[in-house]
Amino acid sequence: MSLYDLADGEPMGKKKKIVVETKDLTKRYDGVTVVDRLNLHVAENEVFGLLGPNGAGKTTTILMLLGLTEPASGSARVFGFDSTREPLKVKRLAGYLPEKTGFYDNLTARENLKFIARLNNISEAESKRLIGQVLEAVGMTEMADVAAGKFSRGMKQRLGIADVLVKKPKIVFLDEPTAGLDPEGINQIIDLIANLPKMGTTVVLSSHRLYEVQRVCHSIGILSKGKLVVEGSLDSLGREALAEGRYRIEVETAEASPQLIKVIGKISGVRKVEAKGNLLQISADSDLRAKIAKAVVQSDIPLIQMKVQEFSLDEIYMKYFHEG
Amino acid sequence: MFTIFRKELADYFTSIRCLVVLLLVFAVSAMALHAAQVGIRGETGTEFVFLRLFTTPEQTIPALLNFPTIIALFFMPFIGIALGFDAINSERTSGTLSRVLSQPVFRDNVINAKFLASIFTLSIMVATSMLLIAGYGLRIIGVPPSSEEVIRLFIYLVSIIIYGAFWIGLAMLFSVLFRWVGTSLLTSLAFWLFFGLFYIFMVAPALANALAPTADGTAQAAIHNVQLQQLLLRLSPSYLFLESSTVLLLPLVRTLGVITLGEAAYMIPNPLSLGQSLLLAWPHLTILISLTAVCFAVSYVVFMRQEIRAT
C-alpha cells in the first residue's frame, strides 16, 4: 500500500545524503552533562537506531534535534535547517512520537489527527484523505470514531504512528516506540516502521530493546552517559566489535581434511583457519565465500553448509558497554 | 493559533466543568434578581433605578450578598480558577503538550490561545448573567435604563472580565509552575481563600489595629487606623475590584477615601457624572489590568523556557 503519492523508491546502497547531523551537541541540566559533544549522522531513507541504557541522553538528543530543547553548545541540523534557530522549519518536516504520547481523551482518533493536520495548515479535504490513509496504514480504520480515551496502550501507540505520519514527514523521531507493548503490538509497530523508508521517510528511533532494533535498523548509534560510543551500519559494527574487522566464515564438510585446511589457508585474504572436527572456522579480510566454496568443491570433499557468521546486537552492545 | 483557540473553546463548551459554572451563573443571577425584587421597593431615590437591580441587597440577608460582592469575592475567582487551573499541566501530564509543540506552531501560540479561549468563555458567562438580570429586571421594575446606566453597566462588565482574567492568569501561572493538577488547583484555591476572603475580613483589620491602635480614642488615631486599613485592604485584588465596582454601579459614591462628618456636610448630595466615577475607579482598574498582565507575563516567560518533556 502506498501511503504517499510520491513514494520514491531510491535504491539502497547508493551514496546517501546525510539528513541529520549534529556537531558537538551538548546539553547540561543543573551542571550535569546529559549529552556530551555528540556527533551524529543519519542518512536519508534509513532506519537509524539510537541505543543506550536509560538516562543515556537519547530523549534529550531527540528533543534537541527537534528544537524543543536548547543545547548548551554545539549545533544540530535536520535537512539542513538549524534545529535551534529554525525550529519551525524542522518541525514542518519532522514528526515526533514522544515516549509517553498522549491524545485528547474526549476526542475521537479521527478528531485527534484532524487537530494535528490543522496545526500543520493542511486543507480540510486533503487532511480528510490523509487521515483515512494513515488510519488504514496502522489498521485503525474501524476505531476511527472511538474516543481516544478508550484505547489500549497498543492502539494508542499505533495511533501515535498515524499521528506522526499525517503531516507527511520527511523524517520521524520515534522515542521508545515499542515500550510497554505486548509481543504482537511490538511486531505491528516494527512492521510499520520497517515500511517507512520505502515511502521516503527517514526514521530515527530510540530504544534499549536490542532485538527489535536489530530487526529494523540499518544503522545504529550507541549512547552511554551522553557520549556517542559508536556509530555505523549494523554489520560493519559487528565485524569491528567482535572479529577485529574481519569476516568469520564457517564451513561444514562431510569429513575432516588437513589438506583442505592448507588449501583454504592459501587463498589470499584468509587470515586464519581453525578446525573443529568437520567444522572449519575461517577468519578473512573480506567475504570470500565464493573462493572457499570453489576450493572445497575442487578438493572433492562434500560440502554440507557454509555461512558468514552474523553478529547479534547483544554482543556488539555488551562489548561497547564493557569498554565504556 | 486560531486552531488551538477553536479547540480550546470546543473543549470548554462540551465540558461538564462549564455546565457546572453555567448553573452557578443562573443561581447567582436568580439570587441577585430575588434580592432586587424584594429590596428595590424599599428604596426611596428615583435616580439610577436600573443600576440598583445589580446592587440592592435583600434587607433580610447580610449586605454581603449583593451582586457586586458575590461577583468580586466568590464568583469570578471561582470561574477564573475553574477555567485556568489545569490549562498547561494537564496537557503536560497527559503527553499532549509535547505532541502539539512538535508541530510547526510557536510555543507562545499555545498559551496565548488557551488564555484567550478561557477569557472568551468567561466573558460569555458573565455577559449571560448580566443580561439575565437586566432582562428579567426590566420586567419586574418596568423602568428602562438610561444611556448612562447602559454605559456604566458595560464598563462594569469590562471590568469584571479584566478581574476574571486576573484569576485565570493566576490559575494558569500555577498550572505552568506546578506539574500536578491537584497542586495547582489547591494553590489557586488557597490564594483565593487568603487574599479574597481571610485577608479582607480578618488579616487586614487585625494588622491595621496592631499597627495603628485606636486605644487613645482621638479622631486622629481613628482616621489613621481607617486609612491604614484601607491601604492594606487594597493589596487584595478582590477588594480593589469591589471598590471600583461600587464606584461604577453607585454613582452616589463620591469618594473612596476617609471623610469626616464635617466634610460630608458640605458635600452636595448629587451623583457623580460618569467621567468623574471613572476617574475614581481608574487607578483600581489600572492596577487590576497590570496584575493580570503580570500573571500572564510570568506564566508566559516560565512556559517559554520550560522543558517540555513529559516525565
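What share of the contacts in chain A with a separation of 6 or more comes from residues 24 or more positions apart?

1. The model is predicted. In chain A, 69% of the contacts with a separation of 6 or more are between residues 24 or more positions apart. Of the 324 residues in chain A, 41% are buried.

2. Chain A contains 11 helices and 15 strands. Along the principal axes, the C-alpha atoms of chain A fill a box of roughly 75 × 50 × 35 Å.

3. One open sheet in chain A is built from six strands, ordered S7-S8-S9-S4-S10-S11, with mixed pairing. Strand S7 (94-97) and strand S11 (227-233) of chain A each have a single partner strand and stand at the edges, so one side of each has no neighbour in the sheet. On average, and with direction ignored, neighbouring strands of this sheet are turned by 15° against each other.

4. Within that sheet, strand S4 (residues 47-51) and strand S10 (residues 219-224) of chain A form a parallel pair over four bridges. Opposite Phe48(A) stands Ser219(A) in S10(A).

5. Two helices of chain A lie across strands of the sheet. Helix H1 (residues 58-65) of chain A lies across S4, strand S8 (171-175), strand S9 (202-207) and S10 of chain A, and runs at about 150° to S8(A). Helix H5 (residues 153-165) of chain A lies across S7 and S8 of chain A, at about 165° to S7(A).

6. How many residues of chain A are in contact with chain B? There are 21, and they touch 18 residues of chain B. On the chain A side, the elements giving two or more residues are H1, helix H2 (87-93) and helix H3 (109-119) of chain A. H3(A) supplies the largest share, four residues. By class, this side of chain A has 11 nonpolar, five polar and five charged residues.

7. In chain B, the axes of helix H7 (residues 107-141) and helix H13 (residues 274-305) come within 10 Å and cross at roughly 145°. The crossing of H7(B) past H13(B) is right-handed. H7(B) contributes Arg107(B), Asp108(B), Ile111(B) and Phe115(B) to the contact, while H13(B) contributes Phe296(B), Ser299(B), Tyr300(B), Phe303(B) and Met304(B). By class, this contact has six nonpolar, one polar and two charged residues.

Note on methods. Residues are numbered from 1 along each chain as its sequence is written. Chains are lettered from A and ligands numbered from 1 in the order in which they are written. This is a predicted model: local features need pLDDT of at least 70, side-chain atom pairs count only at pLDDT 80 or more; totals for chains, interfaces and linings use all residues. Two strands pair if DSSP finds at least two bridges between them. Axes are lines fitted to C-alpha atoms, for helices over the stretch in contact, and angles run from 0 to 180 degrees between N-to-C directions. Two residues are in contact if their C-beta atoms, placed from the backbone, lie within 7 Å. Ala, Val, Leu, Ile, Met, Phe, Trp, Tyr, Cys and Pro count as nonpolar, Asp, Glu, Lys and Arg as charged, and the others, Gly among them, as polar. A residue is buried if 20 or more other C-beta atoms lie within 10 Å of its own, exposed if 12 or fewer, and partly exposed in between; C-beta atoms are placed from the backbone. A crossing is left-handed if the near helix is turned anticlockwise from the far one by less than a right angle, and right-handed if clockwise.
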